[in-house]
Amino acid sequence: MQILKSVIGRKILMAITGQCMVLFAIVHVLGNSSIFMGPNGGLINAYAEHLHAFPPLVWVFRVVMLVLLCIHVFYGITLTLENSAATPANYAVKRHLKANFASENMIWTGLIMLAFIIFHILHFTVKLSSLGVAEGTDALGRADVGTMVITAFHNAGYAAIYIVAMIALFLHVSHGFQSFFQTVGLNNDRTQCCFTGIGKLVAFIVAIGFISIPALILCRFI
Amino acid sequence: MSEQNGMNLTLYVWRQKGPNATGKLESYQAHNVSPDESFLEMLDEVNEDLIKKGIEPIAFDHDCREGICGMCSQVINGVPHGGQDRTTVCQLHMRSFKDGDSIYIEPWRAKAFPIVKDLVVDRAALDKIIQSGGYVSCHTGGVPDGNAIPIPKKAADYAMDAAECIGCGACVAGCPNSTAMLFTGAKVSQLAALPQGKAEAAQRVREMLKTLEECGFGNCSNHYECQAACPKGINVKFIAKLNREYMKSIFIK
């Protein structure tokens with residue numbers, strides 16, 4: 001497979017898998033916003049029930065997401081290692097003209113996200129008992145996701161983990177979104193600033209959407 | 001220029017005896033530097049002083065000294081070519097500095113550009129990339145008539161913008177990943193935009209990228225530092241075009 005060996009081919013795989021995960025994050029934040037509707041995070045229970053109504057589809061979706069994540073992480077790490085091998089000596093003085101905090105720290109924000117994803121799955125999907133997850137059912141016999149989330153985020157430590165991870169998500173997506181268009185060649189000098197702007201906006205809206213849940217619960221607004 | 005108007009500067013210059021020697025920054029004083037001098041002329045004067053003192057002069061690359069050959073390759077105060085917009089080191093003038101300034105002068109740093117001596121690096125890796133596909137393989141014969149091959153003005157301008165690259169390597173030196181994607185992208189885009197180059201576009205992009213990797217350059221992660229460092233202002237749209245040409249090449253035998 002030529003694409004798996006080529007410098008640009010591997011980047012294209014990273015870009016496509018990354019952008020798919022951005023789409024997932026957008027759908028995820030929209031779904032999560034149902035916690036703001038209904039009493040005691042009520043509507044999220046209905047949302048969760050519908051989402052899990054057909055288990056085979058849930059599992060296919062999970063496997064696809066896992067494959068996307070693995071490809072993205074694998075090439076992210078290998079390309080970063082290759083890049084540091086290509087720059088063996090550092091400048092005594094280096095001033096960047098265009099690179100920014102987000103673009104320079106993609107590997108670190110990415111690794112924070114990876115650690116977070118593992119934690120998040122153990123927390124709210126596996127519901128690891130040692131993490132003190134409040135499992136239960138609501139009056140209609142559905143899994144009580146609303147109570148589980150609200151109980152978890154009354155703990156400042158858990159809320160902080162989610163908020164910090166979403167700041168990393170903002171930085172990662174703010175560079176990654178426009179990077180996708182450049183890498184797959186759907187870019188030129190006229191579209192560049194447009195994609196950069198949209199990328200930052202998408203990253204900001206998604207991050208704020210996610211952060212609002214632990215932040216508002218912690219402040220007892222929900 | 002009267003004597004008292006000259007600037008006194010402290011230079012921190014990378015000195016390295018040979019490719020395998022350990023280098024370090026040495027400090028030198030430049031006295032009475034005229035603001036009208038070019039940066040290289042200032043270094044010439046420093047070298048004359050060093051020779052008089054019996055110290056080995058600073059080795060640096062230079063050739064045309066009019067900003068078109070791409071030989072002068074110095075990272076000045078952390079920026080390739082000194083950071084003045086669209087300016088090579090030879091066209092950088094001392095009026096951009098002020099009396100008492102400290103100036104750090106380092107060579108291009110990249111695995112693909114081994115240091116030969118002091119500020120001189122071996123940029124043959126860029127030639128290898130060109131040799132692997134940066135040309136049209138047919139014999140073109142003598143100079144053809146001006147309009148023998150009709151090319152739309154837009155395409156000609158686009159190709160010319162890409163062809164402006166002087167191959168100095170500032171894109172690699174400025175890049176946090178030391179990649180030559182802007183250099184390669186400029187050549188691939190230039191040839192792919194013209195009828196003579198289109199025929200071999202797929203093979204060209206494959207070969208040039210293969211060589212780029214073999215030479216030890218890194219991968220592009222879209223910092224766009226290259227465009228900012230380029231003395232000819234080559235746009236990163238040519239990297240997008242390179243990526244596009246690569247995508248097309250996957251489907252062409």
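These legends describe close-up views of a predicted model. Residues are numbered from 1 along each chain as its sequence is written, chains are lettered from A and ligands numbered from 1 in the order in which they are written, and side-chain values use heavy atoms, with hydrogens and water left out. Local features need pLDDT of at least 70, side-chain atom pairs count only at pLDDT 80 or more, and totals for chains, interfaces and linings use all residues.

**View 1. Chain A is built from nine helices and zero strands.** Helices (H or I, at least four residues) and strands (E, at least two) are DSSP runs, numbered from the N terminus. Along the sequence, the pattern reads α-α-α-α-α-α-α-α-α. The C-alpha atoms of chain A fill a box of roughly 60 × 40 × 40 Å, taken along the principal axes.

View 2. The scale here is pLDDT, the predictor's confidence in each residue, from 0 to 100. Chain A has a mean pLDDT of 94, and 100% of its residues reach 70 or more. Where pLDDT is low, the predicted coordinates should not be read in detail.

**View 3. Chain A meets chain B.** In contact (heavy atoms within 4.5 Å) are 41 residues of chain A and 46 residues of chain B. About 3,600 Å² is buried between the two chains, and carbon and sulfur atoms give 54% of this area. Buried area is the accessible area (1.4 Å probe) that two parts lose on being put together, summed over both. On the chain A side, Val7(A), Tyr91(A) and Gln182(A) lose the most area to chain B, together 18% of what that side buries.

**View 4. Polar contacts and salt bridges cross between chain A and chain B.** The interface holds 28 residue pairs in polar contact, both residues at pLDDT 80 or more. A polar contact is a pair of N or O atoms within 3.5 Å; within protein, one must be able to donate a hydrogen and the other to accept it, and residues adjacent in sequence count only if both atoms are side-chain atoms. Helix H2 (7–32) of chain A is among the helices that supply at least two residues to this side. H2(A) gives the most, with six residues. By class, the chain A side has 15 nonpolar, 17 polar and nine charged residues. Nonpolar means Ala, Val, Leu, Ile, Met, Phe, Trp, Tyr, Cys and Pro; charged means Asp, Glu, Lys and Arg; the others, Gly among them, are polar.

**View 5. Glu213(B) pairs with Arg10(A).** A salt bridge is a side-chain nitrogen of Lys or Arg within 4 Å of a carboxyl oxygen of Asp or Glu. Here the closest N and O atoms are 3.0 Å apart. Glu213(B) lies in helix H7 (residues 201–214) of chain B and Arg10(A) in helix H2 of chain A, so the pair joins two chains. Two salt bridges cross this interface.

**View 6. Chain B has domain 1 (7–116) and domain 2 (123–250).** These bounds come from an automatic or database domain assignment. Their centres, taken over C-alpha atoms, are 28 Å apart. Domain 1 brings 17 residues to the contact and domain 2 brings 20. The area buried between them is about 1,400 Å², with 62% from carbon and sulfur atoms. Arg86(B), Ala112(B) and Phe113(B) supply 36% of the area that domain 1 buries against domain 2, more than any other three residues. Zero salt bridges are found across this interface.
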